[in-house]
Structure formats: structure tokens, C-alpha cells
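Subject: Structure for you to look at

Hello,

Here is the structure I said I would pass on. Please open it first, then read the notes below it.

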Amino acid sequence: MTKPSLPDLLHAAVSAVGGTERPGQVAMAEAVAEAIDDTSHRLIQAGTGTGKSLGYLVPALAHGERVVVATATLALQRQLVERDLPRTVDALHPQLCRRPQFAMLKGRSNYLCLHRLHEGAPQDEEEGLFDQFEAATPTSKLGKDLLRLRDWADETETGDRDDLTPGVSDKAWSQISVSSRECLGATKCAYGAECFAEAARERAKLADVVVTNHALLAIDAIEGAPVLPQHEVLIVDEAHELVSRVTGVATGELTPGQVNRAVKRAAKLVDEKTADALQTASESFERVMELALPGRLEQIPEDLGYALMSLRDAARNVISAIGATRDKSVHDEDAVRKQALAAVESIHTVAERITNGSEYDVVWYERHDRFGATLRVAPLSVSGLLREKLFEDRSVVLTSATLKIGGDFNGVAASLGLSPEGVEGDDVPVWKGLDVGSPFDYPKQGILYVAKHLATPGREGTRGDMMDELAELIEAAGGRTLGLFSSMRGAKAAAEELRGRIDNPILLQGEETLGELIKAFAADPKTCLFGTLSLWQGVDVPGPSCQLVVMDRIPFPRPDDPLMSARQKSVEEHGGNGFMAVAATHAALLMAQGAGRLVRATGDRGVVAVLDPRLATARYGSFLRATLPDFWYTTDRNQVRRSLAAIDATAQADGK
């Protein structure tokens, strides 16, 4: 039997989802197939509307080897498992004569733990899982959530937190879930045979396609113990997010509250002398943290160094003691022991890491009005880790609508540990970049407007001229505005100011769940939605409800961001341009993602307005603009108002 051709397979898959083939999608599928065949790597930029999911799924399924797809957002994971994969498998079955299996796999804490649910969380007595009074009359939000979780546990087939709607608070979920460190293990646990997390792992072992997230991919790479099943092909979608997700997984933190909880859990399981040593170390750490001021610690202060060494040594002794003693008087001893060990090991790991003082780590204090001080440690760069762990023994395809920064792939490639394109060597992963474009006609569908006449934004204070500009733009557009702000404070200030000045309803991030806000925004064209960076990727509103996307300023990282400023300084010390490599690249990625909210379908029309004159006047402005979609560009405020009014009039005439 002849092997079916890739174009035939792609045609069948696209027809099954009711789409139309696009040249970019075909080019992408061919590049993915080529990378899989010769075990090489690809960076593929595929604009919105390309149909990139099918562009990588079809060649991966056709090849027949196991593939792992890692995404950044829950929305894309769901789309793949619930929509794209079932349809694609059905469509390809007649030609492939097989039906590839697929499964979703997440970290253990995303699944309900039956042991924790039925036996209770082994915590301090005053923090029991099901307070009997709460169970009888669940008046608190936590009590209601816990009772709902208990009912849901009888119905759910997956135990996956994301299948619970509506969701529950992190606090409620933590009562019925465990981390991988806290897990007893399937063979020791009374509920091991029914475990949801184990069932998900078993499904993944049997699947041809495993859909996971960037965080689990990072854990798989960093911790050495494989979490993902053996696979020949790795596809990283939303790849512009990978470095920040891996950095997050590789970041450690210590807080006085965290240490105190570990002390209480360990005290039940070790002798008094060992427990007292950890208690004393905890108290000295807490005293140091009370005086902590936010900012980077280029040298570890003497008092903090002593406190961390005491914590490290006391935690090590507790870990040894817990492993050597048994106490049958402790209820559910194995679970209590495992949770205490996990808490103390976490403290030991971070205290030792900071005490050892690697030149490749950045250490800093953060301070929160409500939660107090936190000590954090993060890698200066994850590029070496990614080069070593990501690109070995498999084909890797990284794709996103935003991978070319300032016009080429080399900036993103460097952050992933890759040499410039075309450079070859013994230990250098070979890769190629491909921009398959977009099916949208950006110069005809959108305008990039830079408000060149405004004052340059400062770090603090309200911007009266910016507020005037924003109000006029919204009124010209008839609403239909997504406002993307570089800080939550900026979004709130704009919402408060404009609610008193214009008639259009303004929704604000945080006042309702993101899903509800987006639904309300899409339903009423006169409505505006204001939010911050986290909104930029979660909004997909094609059509006339979103015809103006406004960015209040270029979203450079804050000058006092310890990790970003350390990375910038490191680039400069090695002879590079730290500002362009770190701050400008960070801003370019965010702006490209923000601008990408405007045109989501072939009929969409609108304006991206940047209320920061530096995009037009600064030397780095052209670098940032080269990363944005190729909209028609203007700084003419009157022209843009006329265009917005015309787009609004057309939408109203169409009855929308």
C-alpha cells in the first residue's frame, strides 16, 4: 500500500474542521515533516489564522512516532484535546488505516488526590480539612468549595482541576491535592489503584500524542526524573512563552510562613532537640526577613547568610531524623511524614542553593503589603539548560505567532540556547527558521497609530494628555476597545477616569472572571475592556466588538525588576547591548502579542493605537515596529479618528 501524501492528509484534516487550506499552513506542515524525518529543529512563525495546530498535528500523526505537544495556555490544551485532535484523527483514519491515541498530562497537583480527600490534609489541628461544623452548615466560601469538591469527586472521571466548573480557590484546591513530593506513591497509597494522576500517566504512556504544558516540560527537563513518556518528536506551541515558564519552574522561594509551617509539621516526627534547632533557625530567618527591603542582593548580607546556613543545617538534620524514626501514634503516619519531608526538603533545597552562591543565579527580596517579605532565587539564564535538555535525541519544533523579534529569529533562538541560524559545530543544535506569514492582509485590515504628539510617559503620575487621547479614540470608535495597560494601576486609573467622561461601558480586569469579562465584551460592541499584560494572550474576539486595541506605553520591564536588570547587566558585561537584548526584546514580544488581538479573522478591520511617542521617535522604535504585524502606519491623529469613525459606521450599517 502506498504511503498517503502529506498534501492529501492535510486536505482531509482541513476539510474535516470546515476550514480552507492556506499556503502558510502547507509550508508549515512540510517544514515539520522535514524536521521529523531528519531529526532536526525548526522555529516556525505562523501568524494568527494560519491554522498552525493542523500544520504540526498532521505531519506528526502521519509520521507515526510518539509526539509530545507542549502549550502555554489551558485554552489551547483544551482546543487540541477536545476539538483538533479528535477531528484530525477521524479525518486521517481512512488514509492512515490507524487511529492514533491522544491524552493530556499535567503536573500531579492539577489532579484531585483521593487520599487527601478521604483521609484529610495532615495539617495543624486548627486547619483540619473538613471542620464538622463547616460540613453541617457550610457558611464560608471555603466550606462551600470543599463540599462541592467532595461531591465532584464522586462524578469526575479525570479528577482534573480544569474540568471543574465553576472553579474553586487555590486554598480550597490545596486541601484535596498534593505535589509530587508529597505523594505517597501508588504502591504505598490505599487509593493508588484509583488515583487520577496515575491514570493520566498510564493514558499518556499508551498515547501517540501527549498534550502537556510548558511547566511540566520544564520539570521533566530540570529534575532529571522523567515525567513525560519517551518520545521522538517535541512540538512547543506558544513558544514565545517557554523561557518565562521554564524560569518560573527553576525559581525557588523562601518565606517565614512557609518555614513556620514546615517546623510545625516536622515537630511531630522528630526528637525535641532536632525540632528546636529548626524552630530557632526559623525564628532568626523571620527576624532577618522583617527588615528586608525589596531589591536584588548582589552579595548575601551576613545576617541573612547565617540565617540561611542555620536553616540549611537544621533542615538537613530533620530530613535525616524523619527518615530514621517511626511513630505509630501519629494518625496516617505515612502521609504526615511525606508532607513534612516535602516541606522541609523544599526549604533545604532553596537555603542550600542561595548559600552556595552560584554566579548563574540571581537572588532578591520582594515585599508584599499583605504577605510580607519573600526571598527568591532564579537562574540568570535558562538558555544553557534548554540547549542541553531540550534539543537532544528528538526533533523539536517551536512555533508561535511571535518568534521573529526585530525582523529575525536569532533573538528568540539565543534565549533558547541556540546559536545564530546557519552556525554549525559539534555541540550546536542545527535549526532553521521559517516565517509562513499570515492569511490576513494586514496593511489593508489594520492601522498602527502612534500618538507622537503626546508627552513621553514617566514612571509615576497620571498622564492627562494620554487620558484625553484615549477618550477621543474610544468615542471615535464607538466603543469596541480593548485597552492594554503596562500596570494594573494604570488600567484602574484609566477606567475610573473614563467612566466619568464617556458613555461607553468600561469593564475592568479583576472585577469579574476573565471568561465572563471577555464574554460581556464580545456581546456588546459599545463596551470597552481594560486590563493588564495577562489579558493580552487570553482575548480572542473576532468581529466588530474589538476594532481598537490601545496600549498605554511600551511595556519595558521595570528598571527595578531584579531578574531583568541582572540579565541586562550580564549581556553588557559580555560585550552585548543589554537594553536591546533584554528590555527591548521583552517589550517587542508583549507588543506583538497585544497587537495580535486586533485582527482575528479575514473580515476584521481596526486600529492598534500606541499612546507612547517613543515608538515613533526613539532609535529602538523601528526594532519594535518590525516585530508588529505589517499594519499601515501613521502618526496623524486626525486621519486615525476619521478611520475609526468610518469603521464604526460600517459596523453599525451592518447591524452589529
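At what angle do the axes of helix α12 (residues 256-267) and helix α13 (residues 272-290) cross? Before the answer, please keep in mind that this is a predicted model.

The axes of α12 and α13 cross at roughly 170° and come within 10 Å. Angles over 145 degrees count as roughly antiparallel, so α12 is roughly antiparallel to α13. On the α12 side, the residues in contact are P256, V259, N260, V263, A266 and A267. They meet A275, L278, Q279, S282, F285, E286 and M289 in α13. By type, the residues of this contact divide into nine nonpolar, three polar and one charged.

The crossing of α10 past α11 is right-handed. From α10, the residues H214, A215, L217, A218, I219 and I222 take part, and they meet L242, R245, V246 and V249 in α11. The residues of the contact of α10 with α11 comprise eight nonpolar, one polar and one charged.

Next, the strands. Seven of them form an open sheet with parallel pairing, in the order β3-β4-β2-β5-β10-β1-β11. Which strands stand at the edges of the sheet? They are β3 (102-104) and β11 (431-435). Each has a single partner strand, so one side of each is left without a neighbour in the sheet. On average, neighbouring strands of this sheet are turned by 15° against each other, direction ignored. The partner of β11 is β1 (residues 41-45); the two run parallel and are joined by five bridges. In this pairing, H41 stands opposite W431 in β11.

Last, the aromatic rings. The count comes to seven aromatic pairs. One of them is Y442 with F631, whose ring centres are 5.4 Å apart. Their planes stand at 90°, so the pair is edge-to-face, given that planes over 60 degrees apart count as such. Where in the chain do Y442 and F631 lie? Y442 is in helix α18 (residues 442-445), while F631 is in the loop between α25 (621-627) and β18 (632-634). The two residues are 189 residues apart, and the pair links distant parts of the chain.

Regards

Notes. Residues are numbered from 1 along each chain as its sequence is written. This is a predicted model: local features need pLDDT of at least 70, side-chain atom pairs count only at pLDDT 80 or more; totals for chains, interfaces and linings use all residues. Side-chain values use heavy atoms; hydrogens and water are left out. Two strands pair if DSSP finds at least two bridges between them. Helices (H or I, at least four residues) and strands (E, at least two) are DSSP runs, numbered from the N terminus. Axes are lines fitted to C-alpha atoms, for helices over the stretch in contact, and angles run from 0 to 180 degrees between N-to-C directions. A crossing is left-handed if the near helix is turned anticlockwise from the far one by less than a right angle, and right-handed if clockwise. Contact means heavy atoms within 4.5 Å. Ala, Val, Leu, Ile, Met, Phe, Trp, Tyr, Cys and Pro count as nonpolar, Asp, Glu, Lys and Arg as charged, and the others, Gly among them, as polar. Rings of Phe, Tyr and Trp (its six-membered ring) pair if their centres lie within 6.5 Å; planes under 30 degrees apart count as stacked, over 60 as edge-to-face and the rest as tilted. Angles under 35 degrees count as roughly parallel, over 145 as roughly antiparallel, 65 to 115 as roughly perpendicular and the rest as oblique.
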